[in-house]
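Student: Can we go through this structure together? I would like to know how its parts are arranged.

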Amino acid sequence: MLNNKENVFIQNISSYGEADFFTVDVLRLDVIHPIVSGNKYFKLRLQLQDAIAQQKNTIVTFGGAFSNHIVATAFASKALHLKCFGIIRGEEPKQLSHTLLEARGYGMELIFVSRTDFKNRCFEDERLVGENYYLVPEGGYSVLGAEGVKEMYNWIDETYTHIVCAVGTGTMMAGLVKGALPHQTVIGISALRGNESLLNEIESLLTNDQKKKKYKLLHDYHFGGYAKHPQALTDWMNELYAMEKIPTDIVYTSKMMYGLKDLLQQNYFPKGSKIMAIHSGGLQGNASLSKTTLLF
Ligand SMILES: *Cc1c(COP(=O)(O)O)cnc(C)c1O
């Protein structure tokens, strides 16, 4: 479906501190695809394969008006010649968001439901009657979604001691825990403010054995909450880009890269640590900023 995985590369970064003490590499999954970027590809892969194996010809998924997952699912479904419906949270706005216009451009049919119905996953619509559809949960959150993420270990060998990623639903983090070796620690940096149930949600994708692995979810780097992007954050994004030529997104990867730097400065990692930070993409989310905000 998307054969750009040969573009993926590992970028060593030097501006985070002394190479004698630790190594920091970034896994540049943002280069896989501008739309099905980074982790969305990995989360969808097995679920769409499963849909095809079950001879479903239609995908139904869920999301908000600014969801990267919605656009990624729309695009991937089109590439696989599957019909696709997006159940969208909230009443239909007069002006569709950039995200929804793009999803519709890829052939996704949008079904707007009230917040309550969205929460209850109540979505009767005549367009769905008689459809033999496959449900992909919001954000790709499922065991299969997490299993697909294990493929990231094709680029992460056993010499890495820590793997650091951004967390929304936690599907990617769960997949990284599933694939980790016993000596590797997975550190998730939440993009949400004070979501107490997040760790439970991650753990419910893990088996009991996987729950014994080493992982930690951190809540201190949300910059005000989900999709909040104060100037301190966009300044940091420009600083990181100037130093390392790494473009990051306002929702997830900028906060993760900031958190990682802060942890290193606090000597959070033992001497000799070799860290892989996952650049999970999402750059299209920056389109909502004014053109002069970012250097890239
Ligand atoms: C969707 C997304 C995430 C969150 O992934 P989860 O598996 O939901 O935790 C992280 N980074 C980027 C760039 C994303 O688009």
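Tutor: Here is a short talk about a sheet and some helices.

Tutor: This is a predicted model, where local features need pLDDT of at least 70, side-chain atom pairs count only at pLDDT 80 or more, and totals for chains, interfaces and linings use all residues. Residues are numbered from 1 along each chain as its sequence is written, and side-chain values use heavy atoms, with hydrogens and water left out.

Student: What is the order of the strands in the open sheet?

Tutor: The order is 5-4-3-6, four strands with parallel pairing. Strands are DSSP runs of E of at least two residues, helices are runs of H or I of at least four, and both are numbered from the N terminus. Two strands pair if DSSP finds at least two bridges between them.

Student: Which strands are at the edges?

Tutor: Strand 5 (109–113) and strand 6 (133–136), each pairing on one side only.

Student: And how many bridges join strand 3 and strand 4?

Tutor: Six, in the parallel sense, between residues 58–63 and residues 83–89. Phenylalanine 62 stands opposite isoleucine 87 in strand 4.

Student: New topic. How do helix 8 and helix 9 cross?

Tutor: The axes of helix 8 (residues 231–244) and helix 9 (residues 253–265) come within 10 Å and cross at roughly 75°. Axes are lines fitted to C-alpha atoms, for helices over the stretch in contact (heavy atoms within 4.5 Å), and angles run from 0 to 180 degrees between N-to-C directions. That makes helix 8 roughly perpendicular to helix 9 (65 to 115 degrees).

Student: Which residues of helix 8 make the contact?

Tutor: Leu233, Trp236, Met237, Glu239, Leu240 and Met243.

How values were computed. Angles under 35 degrees count as roughly parallel, over 145 as roughly antiparallel, 65 to 115 as roughly perpendicular and the rest as oblique.
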